Amino acid sequence: CAGHLFEAAVAHHAATGTRTLLDVAVRFADHIDWIFEPGRRTEPPGHPEIEIGLIALADATGDRRYLDLAAFLIDARGRTEGRESYGAYAQDHQPVAAQTEAVGHAVRAAYLFTGMADLAMRVDRPDDVAALDRLWTNVVGAKLYITGGIGASASGEAFGADYELPNESAYAETCGAIANVIWNDRMARLHRDVRAADIIERALYNGFLVGVSVPGDTFFYPNPLATDGVHPFNHGSPERSPWFDCACCPSNDVRAMEWIPGLIYARNERGGVHVNQYAPGVAAITVDGREVALTQETDYPWDGRIRIRVRAADGRPVAMALHLRLPGWARGEPVPGDLYRDLTPPDPAAIRCTVNEQAVPIRPQDRAVTIERPFAADDVITLDLPMPVRRVIAHDAVVADRGLVALERGPIVYCLEGVDHGGRARHIALPDDAPIEASMDAATGMVVITGHGLARHRDPTTLEVLTSDQPIRAIPYHAWNHRGATEMTVWMPRDVDDTLVPPTPTAASSGRASASHTWASDRAGAVNDQREPRRSSDETVPRFTWWDHRGTTEWLQLDFPAPTTVSRVAVYWFDDSGRGAC
């Protein structure tokens with residue numbers, strides 16, 4: 001909370017010029033500095049964020065003490081002499097410079113890594129930079145959802161093991177996507193690396209944006225990549241909610257939207273300007289002491305044509321180097337590394353860049369195109385990024401996605417909703433040769449993908465499983481759940497034999513479950529939905545628990561629609577001892 005207060009105070013001072021809130025933040029920071037001065041307290045914060053705020057406060061006030069305090073709190077992690085360790089959950093299992101794998105609470109981890117990068121850009125800390133590079137490679141290569149979300153497990157809101165990326169039980173908290181954007185913004189600045197800007201784009205358009213409804217008044221807290229339309233995954237609801245008891249995500253959405261404009265452009269020490277993201281608008285940038293306006297005209301992300309005009313306030317030509325990011329998705333690299341890949345990669349040679357209709361050369365290995373020249377007011381830079389529909393598959397080590405395919409177009413990840421497919425979505429396969437195409441949907445202003453796949457269903461009379469042609473309609477993932485609770489999936493089987501078919505009804509499945517108490521994120525119907533866990537601690541299927549009524553007497557019952565003979569009852573207990581308390 002202190003860290004967020006410090007960031008808010010710095011933003012308020014920058015926006016208003018007054019010190020009203022900044023003075024409060026300074027007094028609070030001075031108090032914390034006194035509490036943690038040498039010889040007093042040595043614990044790190046349980047939830048990293050104060051480091052980011054302290055460094056922002058140091059920049060705003062010029063007081064080096066806040067920078068030193070941030071370094072002290074970062075360096076305290078993993079050094080547990082004379083105190084209790086918070087463990088891997090809070091990234092307190094090792095000194096930060098020794099860490100090689102992203103573990104524990106995903107939001108806390110990304111905030112910690114952001115603070116480390118902020119500090120490394122101001123103080124020489126080569127060991128921290130090396131650790132950051134290892135951690136970034138680990139997340140991007142083995143722990144990143146295709147949506148840019150992070151945090152595979154609801155237990156501890158945490159990273160899973162490498163390649164542990166379940167879909168229906170994915171936590172992928174909205175705050176996690178925001179923290180991932182912040183961290184990658186710092187990595188992009190630290191190394192001037194457009195690969196980090198690729199991750200920012202993926203997380204913004206998918207993992208972050210899905211957390212806010214189109215009207216902007218309801219929210220997701222977790223963001224699964226598949227759902228049955230019944231399980232209350234969203235802290236007690238199978239749909240978007242207007243608020244949460246723990247309201248970090250809606251308020252963080254507002255914070256994130258405020259600094260999105262700052263992600264679009266960057267300057268380097270030589271006066272060059274980097275265009276890291278594409279969005280319509282006008283930016284004022286100072287180049288060699290002159291005010292320069294950069295104007296982007298584009299319908300991105302629905303259209304891949306971007307026009308940029310450079311105009312100095314004094315009207316004279318301005319000499320500068322302009323670096324335009326060539327998105328990984330346009331070069332056949334959905335993410336850096338091999339966690340995800342295109343079945344048919346796009347041809348980088350199809351990317352076109354011109355200045356006043358004169359071609360600018362682009363090499364196949366280029367991640368950005370550089371244009372260095374005196375820009376006159378009437379010059380027009382045009383970047384054309386072809387946007388075919390792409391089929392994406394995951395690394396074979398991602399067990400949850402084996403044999404499955406996802407659809408992307410430009411930076412947008414797509415999904416199927418049951419409301420478009422007779423109430424179901426997870427019974428549909430998309431063979432590699434199935435025809436698909438993209439078109440603008442006038443009603444929503446979004447590009448949708450349509451085509452034909454295959455579906456399996458059970459004959460209600462004979463219970464025989466049948467296969468049939470299935471028209472499909474895929475919508476942007478960020479726009480799902482605006483038409484009621486329904487099945488949804490991002491990943492589709494490539495083989496129809498791998499689709500989900502409802503199991504044959506049993507005496508148990510015909511009953512209605514009820515209980516004396518059910519935790520908000522569980523449902524009583526999980527006891528007889530015919531979805532069996534793989535082990536007692538399996539969190540990938542919906543469950544029923546009495547949490548948090550420990551030490552009480554509770555009941556669970558099944559009501560049948562008619563008198564039923566029951567000869568045997570089997571109960572499968574959920575046990576997450578060591579990670580939780582059920």
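The accessible surface of the protein amounts to about 25600 Å², and 52% of this area belongs to carbon and sulfur atoms. The structure is a predicted model, in which local features need pLDDT of at least 70 and side-chain atom pairs count only at pLDDT 80 or more, while totals for chains, interfaces and linings use all residues. Residues are numbered from 1 along each chain as its sequence is written, and side-chain values use heavy atoms, with hydrogens and water left out.

Of the 582 residues of the protein, 52% count as buried. The term buried stands for under 20% relative accessible area, exposed for over 50%, and partly exposed for values in between (1.4 Å probe, protein chains only). The C-alpha atoms fill a box of roughly 85 × 65 × 40 Å along the principal axes. A compact globule of 582 residues would have a radius of gyration near 25 Å, and the 26 Å of the protein agrees with this. That radius is taken over C-alpha atoms, and the globule rule is 2.2 Å times the number of residues to the power 0.38.

The secondary structure consists of nine helices and 23 strands. Both are DSSP runs numbered from the N terminus: helices are H or I with at least four residues, strands are E with at least two. Among contacts in the protein with a separation of 6 or more, 65% are between residues 24 or more positions apart; a contact means heavy atoms within 4.5 Å. The protein has 56 positive and 79 negative charges, and their mean positions are 3 Å apart. In this count Lys and Arg are positive and Asp and Glu negative, whereas His and the chain ends are not counted. Each charge is placed at NZ of Lys, CZ of Arg, CG of Asp or CD of Glu.

Asp128 belongs to helix α6, which covers residues 126–142. Its relative accessibility is 4%, and Asp128 therefore counts as buried. Beyond residues up to four places away in sequence, Asp128 touches Ile74, Val96, Ala97 and Met116.

Arg523 is placed in the loop between β22 (512–515) and β23 (556–559). With 15% relative accessibility, Arg523 is also classed as buried. The side chain of Arg523 makes a polar contact of 3.0 Å with the side chain of Asp228. A polar contact is a pair of N or O atoms within 3.5 Å; within protein, one must be able to donate a hydrogen and the other to accept it, and residues adjacent in sequence count only if both atoms are side-chain atoms. Apart from residues up to four places away in sequence, Arg523 touches several others, including Asp228, Val230, His231 and Phe544. The loop between β22 and β23 also holds Asp548, and the peptide bond from Trp547 to Asp548 is cis, with omega near 5°.

Another cis peptide bond joins Tyr300 and Pro301, with omega about 10°. Pro301 is found in the loop between β5 and β6 (305–312). The loop between β4 (281–287) and β5 (290–298) contains Gly289, an exposed residue with a relative accessible area of 71%. From Gly289 to Arg390, 101 residues apart along the chain, the C-alpha atoms are separated by 44 Å.

Two residues other than glycine have a positive phi. Arg192, with phi near 50°, lies in the loop between α7 (174–191) and α8 (194–208) and is partly exposed at 42% relative accessibility. Asn356, with phi near 55°, occupies the loop between β9 (352–355) and β10 (358–359); at 33% relative accessibility, Asn356 is likewise partly exposed.

Ile436 is part of strand β17, residues 436–441, and its 21% relative accessibility makes Ile436 partly exposed. Asp497, in the loop between β21 (492–493) and β22, is exposed with a relative accessible area of 55%. Asp497 and Glu297 are 200 residues apart in sequence and 46 Å apart in space, C-alpha to C-alpha.

Methods. Areas by Shrake-Rupley, 256 points an atom, 1.4 Å probe, with all protein chains shown as cover.
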